[in-house]
Amino acid sequence: MPSHRHAITISVGVSAAASPGPLYRHASGDGVCCARKKYGTKRGGTLTEKNDLVLELVMTLKQKKKDDRVILDSVRGIAKPGRMLAVMGPSGSGKSTFLHSLAGRVKQDKKISLSGRRYINGTPVTGDTQIPAAFIEQDVNFFPHLTVKETLDFRVELQMASVLSKLERDDLVAKLMSDLGLTKSANTIVGNTKVRGLSGGERKRLSIACEMIGGNSVLMLDEPTSGLDSYQAAQVLGTLRNLADQGKTVIAVIHQPSQHTFQLFDDLLLLSEGKMMYYGEVSNVRNYMAEIGYEAEAEVGTAEHILNCISSIVGGDADAEKASVARIEKIAAAADAQSRELVALEDGEQSDRKTKRIVGGTRSHPGANIMRQFSLLLRRSLKEIFRGKAAIIIKVMQQVSLGLIYGGIYTLGLDQSSIMDRFGLLSLIMIGGTNMAVAGTIRAFPKEKAIVSGEMDIKLYRTFPYFIAKAVSELPLIGVFNAIFSSIIYPLTNLQPGRFKRFLAITTGHGIASEAFGLLIGSISPNSDVALALMPPIVVLNIIFDGKNISEENTPWILKWVNKVGLIRWGFTGLALNEFEGLEFTAGGRRGPLTKTGEEALSRFGLDGQSIENVFTAQTKIVAGCWLLSYLGLSLTKQKFEVMAAPSKREKE
Ligand SMILES: Nc1ncnc2c1ncn2[C@@H]1O[C@H](COP(=O)(O)OP(=O)(O)OP(=O)(O)O)[C@@H](O)[C@H]1O
């Protein structure tokens, strides 16, 4: 595994309030910051100035029409190789924002402005550049039907194919599984809330393994123990401890750790209401708090005590609330004084360093070529689809029951009343097929989109091969489901003999077009709620313009285009042509003008000028249009991150 050791010195957050200066180093010039010298180092690697990663960050949330609200204010610290830094604080104190700002992963938002400085090994990291770190979000989703090994193989193939041989890649996967304690679960599927698979802790460890493939020496984790029981939390943190002992730099946002897990950390950055409350060694925080007047009772654990000290009391007793505000201010002032022991680098030295900018921690392009990306993505998608047995069984049952319902109700003869029945049945087949295909895709795709967006963010692959692989992988099951439905409904309803193959081709084309349509809605929608909300009006429009509910002449001009791209309309036209051409009707069954042939019936619905070829062409165009727009939708809705501006003069004062 390629590895570059990065010591990280973090000096985070300077608000509009006073700040000691842009960069910090160790007063004696020995590469060890004052805080660390004062509190000593027990574990892990050494910090040299060369290896410093210094971060200085100012994040201001600008709320329009309101005063600026400072989310992070004068927060600094140092993260070092071989050590684990805990970022702790009450809920809403800014822990997650801190970690995302540090990593360069604050989501773009017009209402906020982000400014500050980050340095890696003394070199400034600018703009929206992400620090070369493995970043593990709180909730990581995986393709649930892939095993641990398959998940890692997929990532390693994509990321390392150009730099490692097959043997080396296999070794890397084996090492990752061993380092993260996943070897025993290598062939277990990952699972999710619905599909039984890995435990929560194992899933967290898998997400760490995935992010470590590139050999990043820095790990940033947003609440790696959230949702885990104490045993699993201890296992995850134990794994991180091992990684730190191997020389990694670990920074983790952590909530109320037990005494045991708290002691696994070396350093601590405490935050409250966006302000720094303590930065230093975990082993000294208890004494430190006592020194500034907040001694813990013997029976109270350190983590519990410090969180009590820095939590404000809101509501209820006004005196208690006031006292808690004063207490937090006092602790913040002491932390500020403590951090001032860090000495600002000379201006000249800074400008020298600015000449070497870090241009990006993540690769600017994927490791595998586009064909390899496509074949890996296709294989993954097919595995995921065909292993989802429960979903397949449900869909087969849906097709069978729908076929039986139609077959049980319609028995088509050749009298006059059968003309309306035929049109009705064919229209219903199209409406039902559209609804099922679109709804199925809409429900499933946003979840997948969340996974692939993350993968595309780290440039694992490009949108184009993903998209083509996704679309192609859906085709076999569309064909199978449609064949099941068609072979039930066709004989049961007495549709015209000898036309089954074309019926199958038209309904399959319609199924593919409907899936493509669902994919489009899913791609442009931020989540499945929006996608599901968009579906009814769009499907209703399709039904209105299905070719028999409103005539072309009476269609409002603004909606004439819907008529041309109407999914249901083209499917219905195709089925009607296929069914009616060549039929001859008898006189009985209904009063009114006699319709003798299928061609006459088609003409009554304005379908006489159409051909099956037109239908296939229109379906192909709809599919191509939807795929293209979905591709654009996916490309354009990619997550963008806030650019970190340099602190303003006011902020630097
Ligand atoms: N982009 C943003 N827009 C508006 N408010 C924001 C934004 N980012 C962060 N905040 C606010 O900043 C504060 C800190 O949020 P953050 O999620 O960092 O806290 P936290 O300490 O991680 O909380 P928790 O432990 O509950 O997850 C919150 O009040 C949050 O609403």
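1. At which residues does UniProt place the feature "transmembrane region"? The unreviewed UniProt entry gives residues 390–411, 423–445 and 466–492. The present model is predicted, and the points below should be read accordingly.

2. Two of these annotated spans can be described by their geometry. Residues 390–411 are 91% helix and 0% strand, with end C-alpha atoms 33 Å apart. For residues 466–492 the model gives 100% helix and 0% strand, and the end C-alpha atoms are separated by 40 Å.

3. On confidence, the average pLDDT of the chain is 79, and 82% of the residues score at least 70. Residues 1–52 have a pLDDT below 50, although the model gives this stretch 165 contacts beyond near neighbours in sequence. A further stretch, residues 342–365, stays under 50 in pLDDT and has 45 contacts beyond four places in sequence. The scores for the model are ipTM 0.98 and pTM 0.77.

4. Helix packing deserves a separate comment. Helix 15 (residues 463–493) packs with helix 21 (residues 612–636) at an angle of about 135 degrees, and their axes lie 10 Å apart. Helix 15 is therefore oblique to helix 21. Their crossing is right-handed.

5. Helix 15 contributes Thr463, Phe464, Phe467 and Ala471, which meet Trp627, Ser630, Tyr631, Leu634 and Ser635 of helix 21. Of the residues in this contact, six are nonpolar, three are polar and none is charged.

Terms used. Residues are numbered from 1 along each chain as its sequence is written. This is a predicted model: local features need pLDDT of at least 70, side-chain atom pairs count only at pLDDT 80 or more; totals for chains, interfaces and linings use all residues. UniProt positions are given in the numbering used here, feature names are shortened, and annotations may be inferred rather than shown by experiment. Helices (H or I, at least four residues) and strands (E, at least two) are DSSP runs, numbered from the N terminus. pLDDT is the predictor's confidence in each residue, from 0 to 100. Two residues are in contact if their C-beta atoms, placed from the backbone, lie within 7 Å. Axes are lines fitted to C-alpha atoms, for helices over the stretch in contact, and angles run from 0 to 180 degrees between N-to-C directions. Angles under 35 degrees count as roughly parallel, over 145 as roughly antiparallel, 65 to 115 as roughly perpendicular and the rest as oblique. A crossing is left-handed if the near helix is turned anticlockwise from the far one by less than a right angle, and right-handed if clockwise. Ala, Val, Leu, Ile, Met, Phe, Trp, Tyr, Cys and Pro count as nonpolar, Asp, Glu, Lys and Arg as charged, and the others, Gly among them, as polar.
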